[in-house]
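Trainee: Could you walk me through this one? I'm new to it.
Mentor: Gladly; take a look at it and ask whatever comes to mind.

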Amino acid sequence: MALIPVVGRRSRKIKLLYAVLYLVLSLGAVTMIYPLLVMLGASVTSQYDNQSYQIVPAYLSSDKALLGKYVEDKFSANVATINTTYGANIASLQDVKPPKAADARTAADWNAFFAGVPSQYKLAGFAAGTASYSPSALLDRYQAFLNRKFHGDITALDKAYTQEDNTFLAIFPPFEQPGKHAWLPDSSLKSRDWAEFEKTLPLNFFIGIGGNSLYNHWLKEDAYPGKIDDLNKAWGTAYKDFGEIALAPLPEGNPARRKDWEKFVRTKLPIRFLVVDSAMALPAYRKFIQARYKGDLTDYNKQHASALASFEQVLLPNVSELPSQGAPLLDWTDFLKFAAPIAALRADTLETRYQSYLAAHGAPGASANIGAAIFASDWEYVKSHPSELRMDYLTRNYKLVINYILLHGNAVWNTILFCALSVITALIVNPLCAYALSRFNLSYGNTILLFLLTTMAFPAEVTLIPNFLLLKDLNLLNTFWALVLPAAASGYAIFLMKGFFDSLPRELYEAGTLDGATEMRMFASITLPLSRPIFAVIALDAFRAAYSAFMFALLVCQSPKMWTMMVWIYELGSSGAPQYVTMAALTLAAIPTLLIFIFAQNTIMKGIIVPSYK
(Lines give C-alpha, C1' and ligand atoms only; values in the text may rest on other atoms or scores of the structure.)
Protein backbone atom coordinates (compact mmCIF):
# COMPACT_ATOMS: atom_id res chain seq x y z
CA MET A 1 0.00 0.00 0.00
CA ALA A 2 1.33 3.45 -0.93
CA LEU A 3 2.27 5.73 1.94
CA ILE A 4 0.54 8.67 0.25
CA PRO A 5 -2.90 8.00 -1.36
CA VAL A 6 -3.41 8.95 -4.99
CA VAL A 7 -6.07 11.52 -4.06
CA GLY A 8 -3.85 13.10 -1.44
CA ARG A 9 -1.06 13.71 -3.92
CA ARG A 10 -3.03 16.54 -5.52
CA SER A 11 -2.96 18.82 -2.50
CA ARG A 12 -0.46 21.66 -2.31
CA LYS A 13 1.02 20.38 0.96
CA ILE A 14 1.79 17.00 -0.57
CA LYS A 15 3.24 18.61 -3.69
CA LEU A 16 5.41 20.77 -1.44
CA LEU A 17 6.44 17.66 0.48
CA TYR A 18 7.38 15.97 -2.78
CA ALA A 19 9.38 19.01 -3.84
CA VAL A 20 11.28 19.04 -0.54
CA LEU A 21 11.98 15.31 -0.76
CA TYR A 22 13.28 15.57 -4.31
CA LEU A 23 15.37 18.60 -3.38
CA VAL A 24 16.95 16.75 -0.45
CA LEU A 25 17.60 13.69 -2.62
CA SER A 26 19.12 15.87 -5.35
CA LEU A 27 21.39 17.59 -2.85
CA GLY A 28 22.41 14.17 -1.55
CA ALA A 29 23.23 13.08 -5.09
CA VAL A 30 25.31 16.22 -5.63
CA THR A 31 27.30 15.59 -2.46
CA MET A 32 28.15 12.15 -3.85
CA ILE A 33 28.81 13.14 -7.45
CA TYR A 34 30.75 16.35 -6.83
CA PRO A 35 33.72 14.66 -5.04
CA LEU A 36 33.87 12.13 -7.87
CA LEU A 37 33.98 14.92 -10.45
CA VAL A 38 36.68 16.73 -8.48
CA MET A 39 38.73 13.52 -8.39
CA LEU A 40 38.28 13.12 -12.16
CA GLY A 41 39.39 16.71 -12.68
CA ALA A 42 42.41 16.27 -10.40
CA SER A 43 43.42 13.09 -12.23
CA VAL A 44 44.20 15.07 -15.40
CA THR A 45 46.20 17.84 -13.73
CA SER A 46 49.84 18.28 -12.79
CA GLN A 47 51.88 20.31 -10.33
CA TYR A 48 50.80 23.44 -12.19
CA ASP A 49 47.09 23.10 -11.39
CA ASN A 50 46.61 20.20 -8.97
CA GLN A 51 45.72 22.57 -6.12
CA SER A 52 42.90 24.29 -7.99
CA TYR A 53 40.47 21.35 -7.58
CA GLN A 54 38.46 22.28 -10.65
CA ILE A 55 36.05 19.85 -12.25
CA VAL A 56 37.16 21.11 -15.67
CA PRO A 57 40.88 22.10 -15.61
CA ALA A 58 41.60 25.58 -16.93
CA TYR A 59 44.05 24.43 -19.61
CA LEU A 60 41.17 22.89 -21.59
CA SER A 61 39.84 26.37 -22.38
CA SER A 62 42.62 28.85 -21.54
CA ASP A 63 45.72 29.31 -23.71
CA LYS A 64 47.47 30.99 -20.78
CA ALA A 65 46.97 27.92 -18.61
CA LEU A 66 48.01 25.69 -21.50
CA LEU A 67 51.27 27.66 -21.81
CA GLY A 68 51.84 27.30 -18.07
CA LYS A 69 51.36 23.53 -18.34
CA TYR A 70 53.73 23.33 -21.30
CA VAL A 71 56.43 25.38 -19.57
CA GLU A 72 56.06 23.30 -16.40
CA ASP A 73 56.35 20.12 -18.43
CA LYS A 74 59.35 21.24 -20.46
CA PHE A 75 61.35 22.59 -17.51
CA SER A 76 60.36 19.88 -15.00
CA ALA A 77 58.49 22.46 -12.88
CA ASN A 78 61.84 24.09 -12.00
CA VAL A 79 61.08 27.80 -11.57
CA ALA A 80 64.78 28.68 -11.29
CA THR A 81 65.51 27.06 -14.67
CA ILE A 82 62.52 28.83 -16.23
CA ASN A 83 63.74 32.20 -14.98
CA THR A 84 67.28 31.45 -16.13
CA THR A 85 66.24 30.35 -19.62
CA TYR A 86 63.61 33.02 -20.28
CA GLY A 87 65.36 35.80 -18.40
CA ALA A 88 62.17 36.11 -16.38
CA ASN A 89 61.46 36.78 -12.72
CA ILE A 90 58.46 34.67 -11.77
CA ALA A 91 57.80 33.32 -8.30
CA SER A 92 55.66 30.33 -9.24
CA LEU A 93 54.44 28.37 -12.25
CA GLN A 94 51.10 30.17 -12.09
CA ASP A 95 52.91 33.45 -12.90
CA VAL A 96 53.81 32.22 -16.40
CA LYS A 97 52.00 34.44 -18.92
CA PRO A 98 52.18 34.69 -22.73
CA PRO A 99 54.94 37.10 -23.80
CA LYS A 100 53.61 40.52 -24.79
CA ALA A 101 56.23 41.34 -27.41
CA ALA A 102 56.54 37.89 -28.97
CA ASP A 103 56.17 37.54 -32.72
CA ALA A 104 56.33 34.72 -35.20
CA ARG A 105 59.47 36.09 -36.88
CA THR A 106 61.43 36.02 -33.61
CA ALA A 107 60.36 32.42 -33.02
CA ALA A 108 61.22 31.45 -36.60
CA ASP A 109 64.68 33.07 -36.34
CA TRP A 110 65.39 31.25 -33.11
CA ASN A 111 64.19 27.87 -34.39
CA ALA A 112 66.27 28.19 -37.55
CA PHE A 113 69.34 29.09 -35.51
CA PHE A 114 68.79 26.54 -32.73
CA ALA A 115 68.36 23.67 -35.19
CA GLY A 116 72.02 24.00 -36.18
CA VAL A 117 73.48 24.52 -32.72
CA PRO A 118 75.96 21.85 -31.47
CA SER A 119 74.75 19.46 -28.79
CA GLN A 120 76.82 21.01 -25.98
CA TYR A 121 74.44 23.99 -25.98
CA LYS A 122 71.32 21.83 -25.63
CA LEU A 123 69.68 19.95 -22.79
CA ALA A 124 66.76 17.60 -23.34
CA GLY A 125 63.61 18.79 -21.58
CA PHE A 126 60.31 17.13 -20.67
CA ALA A 127 62.10 14.87 -18.18
CA ALA A 128 59.77 15.74 -15.29
CA GLY A 129 60.18 13.59 -12.22
CA THR A 130 61.74 10.58 -13.92
CA ALA A 131 62.59 9.20 -10.48
CA SER A 132 59.21 9.81 -8.82
CA TYR A 133 56.57 8.29 -11.10
CA SER A 134 55.64 11.51 -12.87
CA PRO A 135 54.67 11.62 -16.56
CA SER A 136 57.64 12.26 -18.82
CA ALA A 137 57.42 12.57 -22.59
CA LEU A 138 61.20 12.29 -22.80
CA LEU A 139 61.29 9.09 -20.76
CA ASP A 140 58.51 7.53 -22.84
CA ARG A 141 60.42 8.21 -26.07
CA TYR A 142 63.73 7.04 -24.61
CA GLN A 143 62.34 3.74 -23.37
CA ALA A 144 60.63 3.12 -26.71
CA PHE A 145 63.92 3.91 -28.50
CA LEU A 146 65.84 1.37 -26.41
CA ASN A 147 63.08 -1.20 -26.85
CA ARG A 148 63.49 -0.94 -30.62
CA LYS A 149 67.28 -0.85 -30.48
CA PHE A 150 67.54 -4.04 -28.41
CA HIS A 151 64.54 -5.68 -30.12
CA GLY A 152 62.63 -5.93 -26.86
CA ASP A 153 65.37 -7.99 -25.17
CA ILE A 154 65.93 -6.46 -21.73
CA THR A 155 68.62 -9.06 -20.98
CA ALA A 156 70.67 -7.82 -23.93
CA LEU A 157 70.37 -4.24 -22.69
CA ASP A 158 71.44 -5.19 -19.16
CA LYS A 159 74.46 -6.99 -20.54
CA ALA A 160 75.42 -4.09 -22.80
CA TYR A 161 74.94 -1.41 -20.11
CA THR A 162 76.17 -3.59 -17.20
CA GLN A 163 73.07 -2.88 -15.15
CA GLU A 164 70.09 -4.81 -13.82
CA ASP A 165 66.58 -3.97 -15.01
CA ASN A 166 63.57 -6.23 -15.32
CA THR A 167 61.79 -4.16 -17.93
CA PHE A 168 62.39 -1.25 -20.29
CA LEU A 169 59.96 0.81 -18.19
CA ALA A 170 62.54 0.83 -15.37
CA ILE A 171 65.33 2.48 -17.42
CA PHE A 172 66.29 6.12 -16.94
CA PRO A 173 68.52 8.42 -19.04
CA PRO A 174 72.12 9.12 -18.06
CA PHE A 175 72.59 12.04 -15.67
CA GLU A 176 73.71 15.26 -17.37
CA GLN A 177 75.11 18.54 -16.00
CA PRO A 178 76.03 20.55 -19.10
CA GLY A 179 76.13 23.81 -17.14
CA LYS A 180 78.97 22.60 -14.90
CA HIS A 181 82.51 23.78 -15.57
CA ALA A 182 84.21 20.38 -15.99
CA TRP A 183 81.28 18.14 -16.91
CA LEU A 184 81.72 16.01 -20.01
CA PRO A 185 79.64 13.07 -21.26
CA ASP A 186 81.34 9.76 -20.61
CA SER A 187 82.28 7.31 -23.34
CA SER A 188 80.04 4.45 -22.16
CA LEU A 189 77.70 2.70 -24.58
CA LYS A 190 74.72 4.08 -22.71
CA SER A 191 75.93 7.67 -23.20
CA ARG A 192 76.63 7.03 -26.88
CA ASP A 193 73.14 5.58 -27.33
CA TRP A 194 71.72 8.58 -25.49
CA ALA A 195 73.48 10.92 -27.91
CA GLU A 196 72.05 8.88 -30.79
CA PHE A 197 68.59 9.10 -29.21
CA GLU A 198 68.81 12.88 -28.81
CA LYS A 199 69.21 13.18 -32.58
CA THR A 200 65.69 11.75 -32.96
CA LEU A 201 64.04 14.36 -30.71
CA PRO A 202 61.99 17.25 -32.12
CA LEU A 203 63.54 20.69 -31.74
CA ASN A 204 61.02 21.83 -29.13
CA PHE A 205 62.26 19.10 -26.76
CA PHE A 206 65.55 20.94 -26.16
CA ILE A 207 66.39 23.72 -23.72
CA GLY A 208 69.12 26.15 -24.72
CA ILE A 209 72.02 26.56 -22.29
CA GLY A 210 73.23 30.12 -22.38
CA GLY A 211 76.39 31.63 -20.94
CA ASN A 212 74.74 34.81 -19.68
CA SER A 213 72.55 32.99 -17.18
CA LEU A 214 75.58 31.17 -15.76
CA TYR A 215 77.50 34.43 -15.55
CA ASN A 216 74.59 36.26 -13.90
CA HIS A 217 74.18 33.49 -11.34
CA TRP A 218 77.88 33.51 -10.47
CA LEU A 219 77.95 37.28 -10.08
CA LYS A 220 74.82 37.32 -7.94
CA GLU A 221 75.60 34.32 -5.74
CA ASP A 222 79.39 34.27 -5.49
CA ALA A 223 81.14 37.43 -6.65
CA TYR A 224 78.69 40.07 -5.32
CA PRO A 225 76.15 38.15 -3.17
CA GLY A 226 72.91 39.90 -4.07
CA LYS A 227 74.53 43.36 -4.06
CA ILE A 228 74.17 44.98 -7.46
CA ASP A 229 75.36 48.32 -6.03
CA ASP A 230 78.72 46.79 -5.10
CA LEU A 231 79.09 45.48 -8.65
CA ASN A 232 78.25 48.86 -10.17
CA LYS A 233 80.75 50.56 -7.86
CA ALA A 234 83.52 48.10 -8.82
CA TRP A 235 82.74 48.12 -12.53
CA GLY A 236 81.76 51.75 -12.89
CA THR A 237 78.37 50.77 -14.35
CA ALA A 238 74.68 51.46 -13.59
CA TYR A 239 72.96 48.09 -13.86
CA LYS A 240 69.62 47.75 -12.07
CA ASP A 241 69.66 43.98 -12.00
CA PHE A 242 72.15 41.16 -12.49
CA GLY A 243 70.01 39.86 -15.36
CA GLU A 244 71.00 42.86 -17.49
CA ILE A 245 74.64 41.78 -17.61
CA ALA A 246 75.89 39.89 -20.66
CA LEU A 247 78.98 37.72 -20.85
CA ALA A 248 81.23 39.27 -23.49
CA PRO A 249 83.31 36.98 -25.74
CA LEU A 250 86.47 38.79 -24.58
CA PRO A 251 87.32 40.74 -21.42
CA GLU A 252 86.13 44.34 -21.47
CA GLY A 253 85.69 47.34 -19.23
CA ASN A 254 87.80 48.46 -16.30
CA PRO A 255 90.32 46.18 -14.52
CA ALA A 256 87.77 44.96 -11.94
CA ARG A 257 85.31 43.92 -14.64
CA ARG A 258 88.06 42.25 -16.66
CA LYS A 259 89.23 40.40 -13.55
CA ASP A 260 85.71 39.10 -12.85
CA TRP A 261 85.35 37.99 -16.47
CA GLU A 262 88.67 36.15 -16.28
CA LYS A 263 87.84 34.41 -12.99
CA PHE A 264 84.46 33.23 -14.29
CA VAL A 265 85.82 31.98 -17.60
CA ARG A 266 88.71 30.14 -15.99
CA THR A 267 86.73 28.45 -13.20
CA LYS A 268 82.97 28.45 -13.94
CA LEU A 269 82.23 28.63 -17.64
CA PRO A 270 81.76 25.11 -19.06
CA ILE A 271 84.96 24.14 -20.82
CA ARG A 272 82.88 23.14 -23.84
CA PHE A 273 81.86 26.83 -24.19
CA LEU A 274 85.47 28.00 -24.33
CA VAL A 275 87.61 28.55 -27.40
CA VAL A 276 91.37 28.45 -26.85
CA ASP A 277 93.76 29.97 -29.37
CA SER A 278 96.22 27.19 -30.11
CA ALA A 279 99.06 29.43 -31.27
CA MET A 280 99.11 31.42 -28.03
CA ALA A 281 98.18 28.64 -25.61
CA LEU A 282 100.26 25.69 -26.87
CA PRO A 283 103.68 26.85 -25.59
CA ALA A 284 102.17 27.65 -22.19
CA TYR A 285 100.39 24.27 -22.09
CA ARG A 286 103.60 22.33 -22.85
CA LYS A 287 105.44 24.25 -20.16
CA PHE A 288 102.58 23.63 -17.68
CA ILE A 289 102.47 19.89 -18.43
CA GLN A 290 106.26 19.50 -18.13
CA ALA A 291 106.23 21.25 -14.77
CA ARG A 292 103.16 19.30 -13.58
CA TYR A 293 104.79 15.95 -14.28
CA LYS A 294 108.23 17.16 -13.15
CA GLY A 295 109.76 16.25 -16.48
CA ASP A 296 108.69 12.61 -16.19
CA LEU A 297 107.43 11.81 -19.68
CA THR A 298 106.79 8.17 -18.75
CA ASP A 299 104.32 9.24 -16.08
CA TYR A 300 102.60 11.58 -18.54
CA ASN A 301 102.28 8.83 -21.18
CA LYS A 302 100.85 6.51 -18.57
CA GLN A 303 98.26 8.99 -17.34
CA HIS A 304 97.26 10.10 -20.85
CA ALA A 305 97.52 6.67 -22.52
CA SER A 306 99.93 8.10 -25.08
CA ALA A 307 103.42 7.28 -26.47
CA LEU A 308 105.12 10.65 -26.94
CA ALA A 309 108.89 10.89 -27.37
CA SER A 310 109.18 14.35 -25.80
CA PHE A 311 107.07 17.08 -24.22
CA GLU A 312 107.44 19.08 -27.43
CA GLN A 313 105.00 16.65 -29.03
CA VAL A 314 102.25 17.53 -26.52
CA LEU A 315 99.23 19.13 -28.21
CA LEU A 316 96.20 20.95 -26.88
CA PRO A 317 93.46 18.41 -26.17
CA ASN A 318 90.25 18.25 -28.17
CA VAL A 319 87.59 18.90 -25.56
CA SER A 320 85.10 16.65 -27.34
CA GLU A 321 87.58 13.75 -26.98
CA LEU A 322 88.54 14.29 -23.35
CA PRO A 323 87.49 11.58 -20.88
CA SER A 324 84.79 12.54 -18.40
CA GLN A 325 87.21 12.04 -15.51
CA GLY A 326 90.86 11.32 -14.84
CA ALA A 327 94.23 13.01 -15.34
CA PRO A 328 93.67 14.43 -18.89
CA LEU A 329 90.55 16.33 -17.80
CA LEU A 330 92.13 17.50 -14.55
CA ASP A 331 95.27 18.67 -16.38
CA TRP A 332 93.20 20.70 -18.83
CA THR A 333 90.95 22.36 -16.24
CA ASP A 334 93.94 23.24 -14.06
CA PHE A 335 95.76 24.70 -17.06
CA LEU A 336 92.75 26.87 -17.87
CA LYS A 337 92.52 27.93 -14.25
CA PHE A 338 96.16 28.74 -13.55
CA ALA A 339 98.35 28.90 -16.65
CA ALA A 340 96.41 29.63 -19.84
CA PRO A 341 97.18 33.12 -21.25
CA ILE A 342 94.07 35.25 -20.85
CA ALA A 343 94.53 36.59 -24.39
CA ALA A 344 94.13 33.01 -25.69
CA LEU A 345 90.66 32.53 -24.14
CA ARG A 346 87.35 33.43 -25.73
CA ALA A 347 83.84 32.69 -24.50
CA ASP A 348 81.90 30.95 -27.26
CA THR A 349 78.37 30.97 -25.82
CA LEU A 350 74.89 30.47 -27.19
CA GLU A 351 74.36 34.23 -27.05
CA THR A 352 77.43 35.08 -29.09
CA ARG A 353 76.49 32.48 -31.71
CA TYR A 354 72.92 33.85 -31.90
CA GLN A 355 74.22 37.38 -32.37
CA SER A 356 76.38 36.20 -35.25
CA TYR A 357 73.44 34.34 -36.78
CA LEU A 358 71.14 37.38 -36.60
CA ALA A 359 73.83 39.57 -38.13
CA ALA A 360 73.92 37.23 -41.12
CA HIS A 361 70.33 36.01 -41.42
CA GLY A 362 68.03 37.87 -39.04
CA ALA A 363 65.66 40.74 -39.67
CA PRO A 364 67.19 44.23 -39.42
CA GLY A 365 67.25 45.36 -35.81
CA ALA A 366 66.30 41.93 -34.46
CA SER A 367 66.96 41.50 -30.74
CA ALA A 368 69.70 39.10 -29.69
CA ASN A 369 67.96 38.39 -26.36
CA ILE A 370 67.89 34.60 -26.38
CA GLY A 371 65.55 34.44 -23.38
CA ALA A 372 62.86 36.36 -25.22
CA ALA A 373 63.52 34.33 -28.37
CA ILE A 374 63.17 30.99 -26.55
CA PHE A 375 59.97 32.15 -24.85
CA ALA A 376 58.57 33.32 -28.19
CA SER A 377 59.41 29.95 -29.74
CA ASP A 378 57.67 28.04 -26.94
CA TRP A 379 54.61 30.30 -27.14
CA GLU A 380 54.35 29.80 -30.90
CA TYR A 381 54.56 26.03 -30.41
CA VAL A 382 51.73 26.10 -27.87
CA LYS A 383 49.56 28.21 -30.18
CA SER A 384 50.16 25.88 -33.11
CA HIS A 385 49.61 22.59 -31.21
CA PRO A 386 46.77 23.23 -28.71
CA SER A 387 44.72 20.10 -29.43
CA GLU A 388 47.75 17.82 -29.34
CA LEU A 389 48.95 19.27 -26.03
CA ARG A 390 45.52 19.16 -24.38
CA MET A 391 45.00 15.55 -25.39
CA ASP A 392 48.41 14.64 -24.01
CA TYR A 393 47.73 16.36 -20.67
CA LEU A 394 44.32 14.66 -20.46
CA THR A 395 45.70 11.16 -20.91
CA ARG A 396 49.31 11.07 -19.74
CA ASN A 397 48.60 10.36 -16.04
CA TYR A 398 46.41 7.43 -17.05
CA LYS A 399 49.03 6.15 -19.47
CA LEU A 400 51.62 6.22 -16.71
CA VAL A 401 49.37 4.28 -14.32
CA ILE A 402 48.47 1.70 -16.97
CA ASN A 403 52.13 1.20 -17.85
CA TYR A 404 52.93 0.87 -14.15
CA ILE A 405 50.28 -1.81 -13.69
CA LEU A 406 51.41 -3.63 -16.83
CA LEU A 407 54.99 -3.42 -15.54
CA HIS A 408 53.80 -5.54 -12.63
CA GLY A 409 51.86 -7.96 -14.80
CA ASN A 410 50.97 -10.34 -11.97
CA ALA A 411 48.84 -7.60 -10.42
CA VAL A 412 46.04 -7.92 -12.98
CA TRP A 413 46.00 -11.73 -12.93
CA ASN A 414 46.21 -11.85 -9.12
CA THR A 415 43.33 -9.41 -8.80
CA ILE A 416 41.10 -11.28 -11.26
CA LEU A 417 41.74 -14.64 -9.62
CA PHE A 418 41.36 -13.25 -6.09
CA CYS A 419 38.02 -11.59 -6.94
CA ALA A 420 36.73 -14.69 -8.76
CA LEU A 421 37.63 -17.02 -5.89
CA SER A 422 36.12 -14.63 -3.34
CA VAL A 423 32.83 -14.39 -5.24
CA ILE A 424 32.61 -18.15 -5.79
CA THR A 425 33.41 -18.87 -2.16
CA ALA A 426 30.90 -16.30 -0.90
CA LEU A 427 28.18 -17.78 -3.12
CA ILE A 428 28.82 -21.31 -1.82
CA VAL A 429 29.50 -20.93 1.90
CA ASN A 430 27.08 -18.15 2.84
CA PRO A 431 23.94 -19.46 1.02
CA LEU A 432 24.36 -22.96 2.45
CA CYS A 433 24.69 -21.63 5.97
CA ALA A 434 21.75 -19.25 5.56
CA TYR A 435 19.62 -21.98 3.99
CA ALA A 436 20.27 -24.31 6.92
CA LEU A 437 19.31 -21.62 9.44
CA SER A 438 16.19 -20.76 7.46
CA ARG A 439 14.91 -24.24 6.62
CA PHE A 440 15.65 -26.18 9.79
CA ASN A 441 14.21 -25.31 13.15
CA LEU A 442 17.48 -25.63 15.04
CA SER A 443 17.36 -25.21 18.80
CA TYR A 444 20.60 -23.24 18.68
CA GLY A 445 19.72 -21.31 15.51
CA ASN A 446 19.14 -18.02 17.34
CA THR A 447 22.46 -18.40 19.14
CA ILE A 448 24.28 -18.85 15.83
CA LEU A 449 22.47 -15.86 14.37
CA LEU A 450 23.38 -13.76 17.40
CA PHE A 451 27.00 -14.82 17.01
CA LEU A 452 26.94 -13.81 13.36
CA LEU A 453 25.47 -10.42 14.24
CA THR A 454 28.19 -10.00 16.88
CA THR A 455 30.90 -10.37 14.22
CA MET A 456 29.39 -7.36 12.46
CA ALA A 457 30.05 -5.21 15.52
CA PHE A 458 33.84 -5.37 15.20
CA PRO A 459 35.86 -3.66 12.44
CA ALA A 460 37.86 -5.89 10.13
CA GLU A 461 41.14 -4.44 11.43
CA VAL A 462 40.56 -6.22 14.77
CA THR A 463 40.98 -9.60 13.07
CA LEU A 464 44.11 -8.77 11.10
CA ILE A 465 46.65 -10.07 13.62
CA PRO A 466 44.73 -13.22 14.63
CA ASN A 467 44.15 -14.10 10.97
CA PHE A 468 47.80 -13.52 10.16
CA LEU A 469 49.00 -15.73 13.02
CA LEU A 470 46.55 -18.49 12.10
CA LEU A 471 47.53 -18.44 8.44
CA LYS A 472 51.18 -18.45 9.43
CA ASP A 473 50.68 -21.55 11.58
CA LEU A 474 48.91 -23.24 8.65
CA ASN A 475 51.75 -22.26 6.24
CA LEU A 476 49.29 -20.49 3.97
CA LEU A 477 50.99 -17.08 3.74
CA ASN A 478 51.69 -15.80 0.22
CA THR A 479 48.98 -18.01 -1.29
CA PHE A 480 45.49 -17.38 -2.63
CA TRP A 481 44.16 -19.46 0.28
CA ALA A 482 45.41 -16.76 2.63
CA LEU A 483 43.46 -14.15 0.70
CA VAL A 484 40.20 -16.09 0.30
CA LEU A 485 39.65 -18.28 3.37
CA PRO A 486 39.42 -15.58 6.11
CA ALA A 487 36.51 -13.92 4.27
CA ALA A 488 34.82 -17.11 3.07
CA ALA A 489 31.99 -16.75 5.61
CA SER A 490 30.38 -13.36 6.24
CA GLY A 491 28.05 -12.73 9.15
CA TYR A 492 26.39 -9.90 7.28
CA ALA A 493 25.82 -12.02 4.14
CA ILE A 494 24.41 -14.96 6.09
CA PHE A 495 22.07 -12.71 8.08
CA LEU A 496 20.87 -10.96 4.91
CA MET A 497 20.34 -14.19 2.97
CA LYS A 498 18.53 -15.88 5.88
CA GLY A 499 16.05 -13.03 5.95
CA PHE A 500 15.54 -13.38 2.21
CA PHE A 501 15.13 -17.17 2.40
CA ASP A 502 12.61 -16.77 5.24
CA SER A 503 10.45 -14.64 2.94
CA LEU A 504 10.20 -17.30 0.23
CA PRO A 505 6.81 -19.15 0.02
CA ARG A 506 6.79 -22.25 2.24
CA GLU A 507 4.22 -23.89 -0.05
CA LEU A 508 6.92 -24.44 -2.67
CA TYR A 509 9.06 -26.41 -0.26
CA GLU A 510 6.07 -28.42 0.96
CA ALA A 511 5.26 -29.34 -2.64
CA GLY A 512 8.86 -30.31 -3.20
CA THR A 513 8.85 -32.51 -0.13
CA LEU A 514 5.65 -34.25 -1.31
CA ASP A 515 7.33 -34.89 -4.68
CA GLY A 516 10.25 -36.56 -2.88
CA ALA A 517 12.84 -33.85 -3.58
CA THR A 518 15.91 -33.76 -1.37
CA GLU A 519 17.03 -30.58 0.38
CA MET A 520 19.85 -30.04 -2.10
CA ARG A 521 17.39 -30.51 -4.98
CA MET A 522 14.99 -27.96 -3.45
CA PHE A 523 17.92 -25.61 -2.80
CA ALA A 524 19.01 -25.88 -6.42
CA SER A 525 15.54 -25.89 -8.06
CA ILE A 526 13.55 -23.58 -5.78
CA THR A 527 15.85 -21.39 -3.69
CA LEU A 528 18.49 -20.50 -6.23
CA PRO A 529 16.12 -19.36 -9.05
CA LEU A 530 14.13 -17.19 -6.64
CA SER A 531 17.23 -15.76 -4.95
CA ARG A 532 19.12 -14.34 -7.90
CA PRO A 533 18.69 -10.73 -6.70
CA ILE A 534 20.15 -11.42 -3.25
CA PHE A 535 22.89 -13.53 -4.79
CA ALA A 536 23.80 -10.53 -6.93
CA VAL A 537 24.02 -8.36 -3.82
CA ILE A 538 26.28 -10.86 -2.05
CA ALA A 539 28.43 -11.35 -5.16
CA LEU A 540 28.88 -7.60 -5.58
CA ASP A 541 29.79 -7.18 -1.93
CA ALA A 542 32.31 -10.03 -2.13
CA PHE A 543 33.80 -8.56 -5.29
CA ARG A 544 34.01 -5.10 -3.76
CA ALA A 545 35.69 -6.39 -0.59
CA ALA A 546 38.24 -8.45 -2.53
CA TYR A 547 38.92 -5.82 -5.18
CA SER A 548 39.46 -2.99 -2.69
CA ALA A 549 41.51 -4.99 -0.16
CA PHE A 550 45.10 -3.84 0.21
CA MET A 551 45.96 -3.79 3.92
CA PHE A 552 45.01 -7.41 4.56
CA ALA A 553 46.30 -8.49 1.14
CA LEU A 554 49.65 -6.87 1.88
CA LEU A 555 49.81 -8.38 5.35
CA VAL A 556 49.22 -12.01 4.37
CA CYS A 557 50.95 -11.84 0.97
CA GLN A 558 54.15 -9.90 1.43
CA SER A 559 55.75 -11.31 -1.70
CA PRO A 560 55.36 -8.81 -4.60
CA LYS A 561 54.53 -11.73 -6.88
CA MET A 562 51.24 -12.13 -4.99
CA TRP A 563 50.32 -8.44 -4.75
CA THR A 564 46.99 -7.34 -6.22
CA MET A 565 46.30 -4.11 -8.09
CA MET A 566 45.30 -2.25 -4.93
CA VAL A 567 48.54 -3.17 -3.22
CA TRP A 568 50.52 -1.95 -6.21
CA ILE A 569 48.52 1.28 -6.33
CA TYR A 570 49.24 1.73 -2.64
CA GLU A 571 52.90 1.08 -3.39
CA LEU A 572 52.75 3.63 -6.21
CA GLY A 573 51.56 6.32 -3.82
CA SER A 574 54.09 5.30 -1.17
CA SER A 575 56.93 5.46 -3.70
CA GLY A 576 56.58 9.19 -4.21
CA ALA A 577 54.00 9.41 -6.99
CA PRO A 578 52.43 12.89 -6.98
CA GLN A 579 48.84 13.43 -5.98
CA TYR A 580 47.52 13.78 -9.52
CA VAL A 581 49.00 10.41 -10.56
CA THR A 582 47.47 8.79 -7.48
CA MET A 583 44.11 10.34 -8.43
CA ALA A 584 44.39 8.82 -11.90
CA ALA A 585 45.23 5.43 -10.36
CA LEU A 586 42.22 5.60 -8.04
CA THR A 587 39.95 6.64 -10.90
CA LEU A 588 41.06 3.67 -12.99
CA ALA A 589 40.67 1.38 -10.00
CA ALA A 590 37.07 2.56 -9.49
CA ILE A 591 35.98 1.74 -13.04
CA PRO A 592 35.39 -2.06 -12.66
CA THR A 593 33.21 -1.65 -9.57
CA LEU A 594 31.31 1.22 -11.16
CA LEU A 595 30.61 -0.73 -14.36
CA ILE A 596 29.46 -3.79 -12.45
CA PHE A 597 27.07 -1.71 -10.36
CA ILE A 598 25.69 0.09 -13.42
CA PHE A 599 24.97 -3.09 -15.36
CA ALA A 600 23.70 -5.03 -12.34
CA GLN A 601 21.76 -2.29 -10.54
CA ASN A 602 18.30 -3.63 -11.45
CA THR A 603 19.13 -7.06 -10.04
CA ILE A 604 20.74 -5.52 -6.97
CA MET A 605 17.73 -3.29 -6.25
CA LYS A 606 15.45 -6.32 -6.50
CA GLY A 607 17.56 -8.05 -3.90
CA ILE A 608 17.10 -5.11 -1.54
CA ILE A 609 13.46 -4.19 -2.22
CA VAL A 610 11.68 -7.47 -3.03
CA PRO A 611 12.00 -9.01 0.47
CA SER A 612 10.15 -6.05 1.98
CA TYR A 613 7.07 -6.88 -0.08
CA LYS A 614 6.99 -10.62 0.60
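Trainee: How do the side chains of R105 and D109 meet?
Mentor: R105 and D109 form a salt bridge, at 3.0 Å from N to O, the term meaning a Lys or Arg side-chain nitrogen within 4 Å of an Asp or Glu carboxyl oxygen. This is a predicted model, where local features need pLDDT of at least 70 and side-chain atom pairs count only at pLDDT 80 or more, while totals for chains, interfaces and linings use all residues. Residues are numbered from 1 along each chain as its sequence is written, and side-chain values use heavy atoms, leaving out hydrogens and water.

Trainee: How far apart are they in helix α4?
Mentor: They sit four residues apart in α4 (residues 104-114), so about one helical turn separates R105 and D109; helices here are DSSP runs of H or I with at least four residues, numbered from the N terminus.

Trainee: And how many salt bridges does the structure hold?
Mentor: The structure holds 18 salt bridges.

Trainee: New topic: at what angle do α17 and α23 pack?
Mentor: Helix α17 (residues 410-439) packs against helix α23 (residues 519-530) at about 105°, and their axes are 12 Å apart. They are therefore roughly perpendicular, a label for angles of 65 to 115 degrees.

Trainee: Which residues make the contact?
Mentor: From α17 come P431, L432, Y435 and R439, and from α23 come E519, M522, F523 and T527, with contact meaning heavy atoms within 4.5 Å.

Trainee: What does N467 touch?
Mentor: N467, which lies in helix α19 (residues 464-473), touches P486 and F552, leaving aside residues up to four places away in sequence.

Technical notes. Axes are lines fitted to C-alpha atoms, for helices over the stretch in contact, and angles run from 0 to 180 degrees between N-to-C directions. Helices (H or I, at least four residues) and strands (E, at least two) are DSSP runs, numbered from the N terminus. Angles under 35 degrees count as roughly parallel, over 145 as roughly antiparallel, 65 to 115 as roughly perpendicular and the rest as oblique.
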